[in-house]
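Work through the exercises below with the sequence and the structure at hand. Each task is followed by a solution in steps.

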Amino acid sequence: MAVEKEALEAVAVSGTVRPFSESQPPIEDTSDLKTHDVAIEKAGSEADELEDEDLFRPLLMDASIPTEENPLTIRAVVVGCILGSLVCASNLYLGLKTGFTFSANMFGAIFGYGVLKLLSRAGKVPIIGGLFGPQENSIVQAAATGAGGTGGIFVAAIPAMYRLGVMGEGHSPKDDIGAIFTITLVTSFIGIFYVTPLRKFFIIQVARELKLMFPTPTAVALTIRSMHAGAAGSIDAIKKLKCLAICFTGALVHRIGSYYAIGILYDWHVFTWIHIWSGHTSWAMNIESWGWYFEWTPAFIGSGILIGLNPAISMFSGSVMAWAIIGPALVHYGECIGIDQSGGDPKWDGYYSFNSLSNLGKQTPSPRYWLLWPGVMVMVCSSMAELFVQYKAIWSGAKSIWNQSCRGINSVLVARGKSSAFFAKHGSNQIKDENVVEDPFPQEQQVKTWMWALGLLVTLVVGMIIFHFQWEMHPGLTILAVVLAFLFSFLAIQIGAVTDTTPLTAASKASQLIFGGATSNSGYSIQHAQKINLVAGALASGGADTATALVSDFRTGFLIGTSPIKQWIAQSIGSFCSVWLGPGLFVLFTSAYPCIWEPNQASDAHCPFLVPSVSAWAAVAQAVTDPNVSIPLKSGIFAIVMGVVSIIQVVVRHFFLVGEREKLRKWLPNWGAIALSWVIPAPVFANAALLGAIVAALWRKYDMRTWDIYGYAVAAGFIAGEGLGGVVGAILTLAGVDGGTKGSNIACPADSC
């Protein structure tokens, strides 16, 4: 089925991966799919028939599927929450390591199919047994998306507060668990409530006009349909499920076992081996110091399978540029310094760490701090450029929502026997499209106005109280953060629906810059201003993130035929679960690994978590609030130049590489991926992602049929399995039986990995 395959390839190319914790992955524009090197050839009458299917209308489902009276079942919500919880745990582990997080929608759809298909065989057993269809399948993935979607603030803003010491001397996340619960509650639900009334606007009214395809949610819907398409679909679904389960279990076992022999099973420090075998060769140890080793990490091999060759090659090239050329040159010429990690042992002479972010403004910076600013600048510039080149779609969307508002106001006035020429005129500007789709769901299946309006009002009031008393933020600033969250959501949904790239990186950094200006010259101490900056940024980006996830679920439900109210309830229940799960997991990880949050980072060379997003958030907060912390001049100049280059490429791709030249787009470097490799202070993850991308490219080239069945399942299983293995590792550490106490560090530099 050609269209279905293309949509699934949109996931493989652009993925449900969110790098830098608050953005989507380093990807190519999904409008390039027809010319992308992994585009699928269309063949057969069945493919031709499906190509004509209108993906702006509900999908044509298998006629043999019985009517589902109530797909919002207890079993669907419970299974969805459990699956989402696995993804939430994975996201916290992976996000703290590298800034990547992953959506639970496809994982929930495939795994949910297997679990509920098995339960459905229980026949008439209450709650457990009974009919299982595609709509209930969409409820599972909606609950999973909600339960797995709050990881962003725990891998960025909240640990950044502790790193900056703004939570109070001696405070740990465990001490502040109450405040962490409440901020999670507000950020989880504020976006759900304010975006609910925009469902009809984005999914139905302007979708065709603005080409809002929503590639990933569409791929999820098509996957669900294919798994429920008779006997053939069921057979392929079982194959996907078995593959996912095997990869999940294998990655889980591998990650747990590797703790006890990390230098053999997980990290291959080839240059350390050369250093030892050659009689302590300094040049090999120097290369080792810059992070050039290979890590057998299933999660990032899986992410490479998803993101494709161009982003993976770009990320690897960026690592070479940063950690093999620019970084060593900066140290050589005295612009940056490293920290000796030899411990005075001549055996490890020449082993340094270049990752410190301590004592900023008081000593020569590390290459990590110097390269952080070009990375952040390119991320923001490329995201904002992608936003502005869609100006026609944004303007059309703004006009449409204005007309909708005027039409609604005029309807209320007419119902009361009044009139307004102004609102009547502007409300009459209907979208002129002969293919306009009517909402297939009657009013009783919609989310009631009082539900989202009351929820929004309560959440806003509670948020103002919480942020005032627990986070020392003025209620006016809380309202500003919510307004920014709404504006960012509107833009993020619209751009993400077209490109599958949600520009939340730009949104979060923009909110930090705005609040930096709002708190300057206002009498706040530096630490107080930094706390407000990070809390407000978390609220703005977190709200936009959950709002985008809900609209994506609405798109999946629209295509499958699931009523909005049922999906809304499922995702809300999942989000409520994550409110408790996310903080608990965060406390678990920070208790097991204090290096995640402790302000003194000088001794973090061997911390298993590089926390790149935490570092970026903290650095921006310091730069906009602390006059003693400055950006190195040459770093700032390089950042501006690279930012301009990334903007120029976006403009060239959208306005010059069109028509016959469009095929050249795939050869352009991906600046989002390059910037990410500058922010992550080690090339190890780029190496693993490149391996995964190469494997996926060869797999697609030589056996597309098995790729269609197993490709995403392998990636999803690897990602979730290692993530859960990280949670088990934290538990083992707290129990005192982890690899550090019971295992071996053989083959590791300085006898420590």
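Helices are DSSP runs of H or I with at least four residues, numbered from the N terminus. The model used here is predicted.

**Exercise 1.** State in which helix V115 lies, and decide whether V115 is buried, partly exposed or exposed.

Solution. Step 1: V115 belongs to helix α4, which covers residues 105-120. Step 2: the relative accessible area of V115 is 28%. Step 3: buried means under 20% and exposed means over 50%, with partly exposed in between. V115 is therefore partly exposed, at 28%. Step 4: V79 is 36 residues away from V115 in sequence, and their C-alpha atoms are 7.7 Å apart.

**Exercise 2.** Find which residues touch the most other members of the largest nonpolar core, and list the contacts of F589.

Solution. Step 1: the largest nonpolar core has 192 residues, and W471, W568, F589 and F609 touch the most other members. Step 2: helix α22 (residues 526-560) gives the largest share of this core, 15 residues. Step 3: neighbours within four places in sequence aside, F589 is in contact with A89, L92, Y93, L96, I596, F609, G726, V727 and A730.

**Exercise 3.** How many salt bridges does the structure hold, and which parts of the chain does the pair E136 and R75 link?

Solution. Step 1: there are six salt bridges in the structure. Step 2: in the one between E136 and R75, the closest N and O atoms are 2.7 Å apart. Step 3: this pair links distant parts of the chain, with E136 in helix α5 (residues 134-147) and R75 in helix α3 (residues 74-98), 61 residues apart. Step 4: E136 is buried, with a relative accessible area of 2%, and R75 is buried at 6%.

**Exercise 4.** Describe the salt bridge of K97 and E295 and name the network that holds this pair.

Solution. Step 1: the side chains of K97 and E295 meet at 3.4 Å, N to O. Step 2: K97 is in helix α3 and E295 in strand β4 (residues 294-295), 198 residues apart. Step 3: K97 and E295 are buried. Step 4: a network of salt bridges links K97, E295 and E722.

Note on methods. Residues numbered from 1 in each chain as written. Predicted model: local features only at pLDDT ≥ 70, side-chain atom pairs only at ≥ 80, totals over all residues. Heavy atoms only, no water. Core = buried A, V, L, I, M, F, W, Y, C linked by side-chain atoms within 4.5 Å. Buried < 20%, exposed > 50% of the residue type's maximum accessible area, 1.4 Å probe, protein only. Helix = DSSP H or I, 4+ residues; strand = E, 2+ residues; numbered from the N terminus. Contact = heavy atoms within 4.5 Å. Salt bridge = Lys/Arg side-chain N within 4 Å of Asp/Glu carboxyl O.
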